[in-house]
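Hello,

Here is the structure I promised to pass on.

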Amino acid sequence: ESTRARTELPAPAAVLLAGSDVVPGSPSMTELRQRAVREPDAPPEDKESESEVKVDGETASDSESRAEAVPLSTSADDTPEVLNRALSNLSSRWKNWWVRGILTLAMIAFFFIIIYLGPMVLMIIVMCVQIKCFHEIITIGYNVYHSYDLPWFRTLSWYFLLCVNYFFYGETVTDYFFTLVQREEPLRILSKYHRFISFTLYLIGFCMFVLSLVKKHYRLQFYMFGWTHVTLLIVVTQSHLVIHNLFEGMIWFIVPISCVICNDIMAYMFGFFFGRTPLIKLSPKKTWEGFIGGFFATVVFGLLLSYVMSGYRCFVCPVEYNNDTNSFTVDCEPSDLFRLQEYNIPEVIQSVIGLTTVWMYPFQIHSIALSTFASLIGPFGGFFASGFKRAFKIKDFANTIPGHGGIMDRFDCQYLMATFVNVYIASFIRGPNPSKLIQQFLTLRPDQQLHIFNTLRSHLADKGLLTATAEDE
Amino acid sequence: ETDIDDRYGDLDSRTDSDIPEIPPSSDRTPEILKKALSGLSSRWKNWWIRGILTLTMISLFFLIIYMGSFMLMLLVLGIQVKCFHEIITIGYRVYRSYDLPWFRTLSWYFLLCVNYFFYGETVADYFATFVQREEQLQFLIRYHRFISFALYLAGFCMFVLSLVKKHYRLQFYMFAWTHVTLLITVTQSHLVIQNLFEGMIWFLVPISSVICNDITAYLFGFFFGRTPLIKLSPKKTWEGFIGGFFSTVVFGFIAAYMLSKYQYFVCPVEYRSDVNSFVTECEPSELFQLQSYSLPPFLKAVLRRETVSLYPFQIHSIALSTFASLIGPFGGFFASGFKRAFKIKDFANTIPGHGGIMDRFDCQYLMATFVHVYITSFIRGPNPSKVLQQLLVLQPEQQLNIYKTLKTHLIEKGILQPTLKV
């Protein structure tokens, strides 16, 4: 045990125990070399640190494995037997390509099925994807910190996930299911005091964390606490923004996600056939040709897809909850955004196409913005995830999908996209929700209501919108 | 070629024992104090320094309250920036990241972005009338979320482009450290400002309750302390905890009574465009009007009175003081655990005898969020200025529809007289 403790004593500690000054700033090369020399046989200077090292030997990392850059997750081959046998004859490179291709098609088919099944199923799928992503990232954190033995940590992480989800789902449900909530007494109370209840639940978790701090594991516990919170920030907020976009109209959910997927595939194809100049050191497989080709292909794809989808009410209408039928309905009068309009073509293209005007949906113009973001900024999400994987020396986030890695690997580019679409809708498409405003208004005090009413009246009068007939109604 | 990541990266999985002790910075006690106290023994000297600094801080607090809400806002902003700086500096020391490219710039840039976002959301609500006049501000308000998001994205992309081959893990750690710090300090400070705008009493009573709990728990512990409370903070005792609880409830009760009389403390802060400043003038709400409460029988016998006149706010103050004494200390334990985890004695050395700004404010965090949640759940509904601002942004037809709905509703409730004409 003591020899093990000795070899595991980290180099920086050896330097410090020897009494050198702590100087902020990166060490010089000579210092590094000295540490490398000292590491194998640095004796522990005082008893207490040695005993602490011994006790923590189970939770300390293996310096050997770190130095050899062994990947953290040992990946078992998840490819189903069926595929394995069918492809057993091909060479391994083509086999990998076929596995990836088949799984891609399977995922796209799955996506179509879910769309067909409706918004409720989509919501559930989004939630499941979120939970799986959370699980993958937390597992990486556990592996990095060898924290399996820390008391309470699994429980606390999942508890925090539950709390934050409860908070967000409660807010969403309150907004969109207003009438349903008002009818049922227990739901009404839950919704009225929703923030207080969520905060109390979170506080309980926080206090449990503080009470669970164990003397020798403080730093690990704080790291896992921070890791959990950052993961929640990334994963849970994004998934709820996705659901908000979904409720705006399924087209706002489908077109952005398809653009990101298309950009992934197109950039890969262009890179495969034409790729020459590398794009960024983080992801050596990406090339400028792939990047630019993917950009143009995605814009075209976005235009076509929005043209096809804007014709159908089920994609274009906001999802509403119908009290009478107790289900989701997508039935409405399509807004201006989804009605064909005539646009004049600039002269440059007129000669090329031979038409003076073209009929387009205004939404297609917006889709250009969405596809541009998906192709130009979306990849940064992918680079971020690549950097993360290199930082923690893992090849994939998990091994859920054969040939592709974990769920997070597929969704890393989607993160920024969901937030962007939500911000885009809030800024450019619609303002605040009028029914929600009325609902908020009704909860104010009478003097506040009167004040707002008078301000609104003077505002409308200034704009000349208040006619005598409007006043008399 | 050694990967620097491997060397530093080992730090995070190792035991707590290998984190270096951050050497204490130089003693910042002013010379005057040192000379005046040179005669006393070192224990009493420390006690006197702490005492004098406590009184100084409290006086500073009173002075700023006197100067008004705007100064308070600036003070809160200043404290937030200092807390952020302190925590980030600790992160730098832990990871020795001073030489990482771009990191100082990026951390401060993110702080700026998040502050811009929050101030835009909060301030725009309260300055709605002022903002409607200026064209450029209107543009900034309407596309505020988009602009904030674009600014944040720029920072995010800069981070991704700044990833250097051997420093990946350190850079990700500092990125996460920055974000968690922002989450803690910036959101709390903005909740404090929103509480402030609700009425200065919602800012003063909670903060004073936490300070009072700190001081009285310390005093009770000093004189009567025997049973230790929690391993994390060995100086805290159960006697101090319980004594502090009761004193804080009584203190909150009395402070609420004294402050509820003045419009200056009780009224929501409003920005008047005509005088171009903040005013706190209003008809005090029912919460701040004396009401008669019948005493329960056992108190009747003790006090020999049937009823007592109280402000309803005093009842709420009991809830606030209870939270400050029972749950607020968990914020302190969290900070103690943090300091032990990273082997620092104090967050910084800004205040002689007390440590850094964070040391003073660690118990306040949960309090600010609690007060905000309490106000939105039990006191008032949504923010009226925000509702108004959103109304003004809608399309004219929508505004007309809402106007008609509201008018019907108000007439029904008898708040609006049907015969009232423009």
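Helices (H or I, at least four residues) and strands (E, at least two) are DSSP runs, numbered from the N terminus. Counted that way, chain B has 19 helices and 6 strands, and chain A has 24 helices and 6 strands.

Before the details, a word on conventions. This is a predicted model, in which local features need pLDDT of at least 70 and side-chain atom pairs count only at pLDDT 80 or more, while totals for chains, interfaces and linings use all residues. Residues are numbered from 1 along each chain as its sequence is written, chains are lettered from A and ligands numbered from 1 in the order in which they are written, and side-chain values use heavy atoms, with hydrogens and water left out.

**The two chains overall**

For burial I use relative accessible area: buried is under 20%, exposed is over 50%, and partly exposed is in between (1.4 Å probe, protein chains only). Of the 473 residues in chain A, 46% are buried; for the 422 residues in chain B the share is 51%. A contact here means heavy atoms within 4.5 Å. Taking contacts between residues at least 6 apart in sequence, 70% in chain A join residues at least 24 apart, and in chain B the figure is 71%.

**Helix α13 of chain A**

This helix covers residues 218-248 of chain A. The expected span of a helix is 1.5 Å times one less than its number of residues. For the 31 residues of α13(A) that gives 45 Å, and the end C-alpha atoms are 45 Å apart, which agrees. There is still a bend of about 25° at L232(A), the bend being the angle between axes fitted to the seven residues ending there and the seven starting there. Most of α13(A) is covered, with 26 of its 31 residues buried. Just after the helix, G249(A) takes a positive phi of about 150°.

**An aromatic pair**

Rings of Phe, Tyr and Trp (its six-membered ring) pair if their centres lie within 6.5 Å; planes under 30 degrees apart count as stacked, over 60 as edge-to-face and the rest as tilted. Searching the whole structure gives 73 aromatic pairs over all chains. One of them is F160(A) with F225(A): the ring centres are 5.8 Å apart and the planes stand at 75°, so the pair is edge-to-face. F160(A) sits in helix α9 (residues 153-176) of chain A and F225(A) in helix α13 of chain A, so the pair ties together parts that are 65 residues apart in sequence.

**Annotated spans**

UniProt positions are given in the numbering used here, feature names are shortened, and annotations may be inferred rather than shown by experiment. In chain A, the unreviewed UniProt entry places "transmembrane region" at several spans, including 287-309 and 365-385. In the model, residues 287-309 of chain A are 96% helix and 4% strand, with end C-alpha atoms 32 Å apart. Residues 365-385 of chain A are 95% helix and 0% strand, and their end C-alpha atoms lie 30 Å apart.

For chain B, the unreviewed UniProt entry gives the annotation to spans including 139-161 and 173-193. Residues 139-161 of chain B are 96% helix and 0% strand, with 31 Å between the end C-alpha atoms. Residues 173-193 of chain B are 100% helix and 0% strand, with 30 Å between theirs.

**Loops worth a look**

Most residues other than glycine have a negative phi. K393(A), in the loop between α19 (378-391) and α20 (407-411) of chain A, has a positive phi of about 55°. In chain B, K343(B) has a positive phi near 55°; this residue lies in the loop between α15 (328-341) and α16 (357-361), and is partly exposed, at 22% relative accessible area.

C363(B) lies in the loop between α16 and α17 (364-379) of chain B and is buried, with a relative accessible area of 9%. Leaving aside residues up to four places away in sequence, C363(B) touches V210(B), D214(B), G328(B), P329(B) and G332(B).

Best wishes
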